[in-house]
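Hi there,

Here is the structure I promised to pass on to you. Please open it first, and then read my notes below.

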Amino acid sequence: MKSFGMILKEIRKTHHMSQKELGGRLGVGQTTIANYEKDIRFPNQESLMVMADIFDISVDQLLGRESIEKNKELKDEEELRNKLLALLIKGNEREAIAIVKNIKMTEHVIIRLYENVFKPLLYEVGALWENGQLSIAKEHYISECVWRMVSYVSESIERKTPTKGSVLCMALSGEQHTLGIRMVADYFNILGYQPYYIGANIPTGEVIRFVEQIRPEFIALSLTSESLNDSLVNLIQRLKETCESCKIIVGGQAFEKDKARVPKEANNYIDGFESLEKMLRSADEI
Ligand code: B12
């Protein structure tokens with residue numbers, strides 16, 4: 001096994017960083033770094049964490065307990081989900097994000113990460129919050145960290161020229177739950193569509209103007225908070241008046257318990273990647 005000093009020197013060099021530069025970022029002198037690399041001295045816990053952050057790896061990797069090989073295969077989704085959740089509950093976002101950044105991304109891996117890692121992790125966070133085991137602040141903190149992970153993953157999608165139509169992806173005004181529809185925008189992208197993700201809280205008039213401009217093939221609406229169901233019906237009616245040919249699909253947890261909530265004006269209800277792909281495939285075949 002390589003010593004800590006050897007690993008540090010190797011990774012510092014790959015990052016084209018001088019000992020002085022690294023020392024500057026850690027608030028120590030060049031000689032301290034030289035001593036770390038000669039295994040004469042060993043950094044304290046905080047410096048280790050800062051170093052891991054600088055090099056975008058986990059502390060375990062810096063200590064040689066895990067390989068620094070970039071692009072690790074995603075093997076066990078459940079194990080990854082539990083590991084990330086435990087790290088985030090402890091407040092160790094650096095390590096959690098470094099783990100995600102170290103995964104070899106392919107479209108298939110992205111879907112597995114969204115559906116089998118991030119989504120169940122967040123559902124678990126909701127359950128912990130509901131049982132009083134997690135504070136609201138911690139719930140917000142974890143969802144922010146997951147948002148950053150999703151942004152990273154999303155960036156790694158190879159942006160091909162869309163071969164299919166455009167899709168407007170949004171959540172209802174007043175809705176704060178936007179992570180789901182953010183992932184859905186990436187699903188459409190992976191499936192060859194041009195997504196326009198606009199988040200939530202856009203005044204209806206502005207949404208209508210945008211729809212007139214881009215004339216999307218699909219409008220994907222997300223609803224989690226059941227109390228916003230009436231606004232959803234009103235929005236769909238306005239959208240239908242504006243764009244008769246736009247197919248409106250709805251999704252989100254508001255409909256999970258009771259599918260009867262799906263407004264009759266919507267063309268489809270979709271609960272995740274698999275059903276979205278199936279629906280789009282059958283639409284293509286028609
Ligand atoms: C993260 C989170 C938040 C974050 C949201 C951050 C963000 N930018 O999204 C914050 C902290 C802001 C938040 C706030 C609140 N939340 Co909250 N939150 C959650 C949590 C933990 C995870 C939600 C999530 O992202 N899930 C993961 C995504 C990927 O799953 P998803 O949304 O289901 O999306 C998937 C599918 O449904 C589908 N899909 C979704 N939309 C669409 C649309 C289309 C067109 C298609 C095709 C598919 C599709 O595809 C996605 C990928 O598979 C849930 C717990 C849970 N069970 O989900 C609670 C939860 C949703 N929140 C809840 C509550 C009560 C609140 C608050 C009122 C209070 C609070 N806890 O702070 C506030 C305010 C809510 C408001 N006005 O909107 C309740 C909702 C109860 C209800 N049904 O009304 C839940 C269920 C927690 C609980 N156990 O009670 N929350």
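**How α7 meets α9**

In helix α7, Glu 93, Ala 96, Ile 97, Val 100 and Lys 101 meet Cys 145, Arg 148, Met 149, Tyr 152 and Val 153 of α9; two residues are in contact here if their C-beta atoms, placed from the backbone, lie within 7 Å. By class, this contact of α7 with α9 has 7 nonpolar, no polar and 3 charged residues. Ala, Val, Leu, Ile, Met, Phe, Trp, Tyr, Cys and Pro count as nonpolar, Asp, Glu, Lys and Arg as charged, and the others, Gly among them, as polar.

Before going on, please keep in mind that this is a predicted model: local features need pLDDT of at least 70, side-chain atom pairs count only at pLDDT 80 or more, and totals for chains, interfaces and linings use all residues. Residues are numbered from 1 along each chain as its sequence is written.

Helices (H or I, at least four residues) and strands (E, at least two) are DSSP runs, numbered from the N terminus. α7 covers residues 93–101 and packs against α9 at an angle of about 25 degrees, with the axes 10 Å apart. Axes are lines fitted to C-alpha atoms, for helices over the stretch in contact, and angles run from 0 to 180 degrees between N-to-C directions. α7 and α9 are therefore roughly parallel to each other; angles under 35 degrees count as roughly parallel, over 145 as roughly antiparallel, 65 to 115 as roughly perpendicular and the rest as oblique.

On the α9 side the contact is made by Ser 143, Val 146, Trp 147, Val 150 and Ser 154, and on the α10 side by Leu 179, Arg 182, Met 183 and Asp 186.

How do α2 and α3 lie to each other? Their axes come within 8 Å and cross at roughly 105 degrees, so α2 and α3 are roughly perpendicular. Gln 19, Lys 20, Leu 22 and Gly 23 of α2 meet Gln 30, Thr 32, Ile 33 and Ala 34 of α3.

**Around the ligand**

The ligand is surrounded by 39 residues, and the closest are Gly 126, Gln 176, Gly 180, Ser 222 and Gly 251. A residue is near a molecule or strand if its C-beta atom, placed from the backbone, lies within 6 Å of it. Which element gives the largest share of this shell? α8 does, with 9 residues. By class, the shell has 17 nonpolar, 15 polar and 7 charged residues.

At least three shell residues come from each of domain 2 (77–155) and domain 3 (166–285); domain bounds come from an automatic or database domain assignment. The C-alpha centres of domain 1 and domain 3 lie 48 Å apart.

Enjoy exploring!
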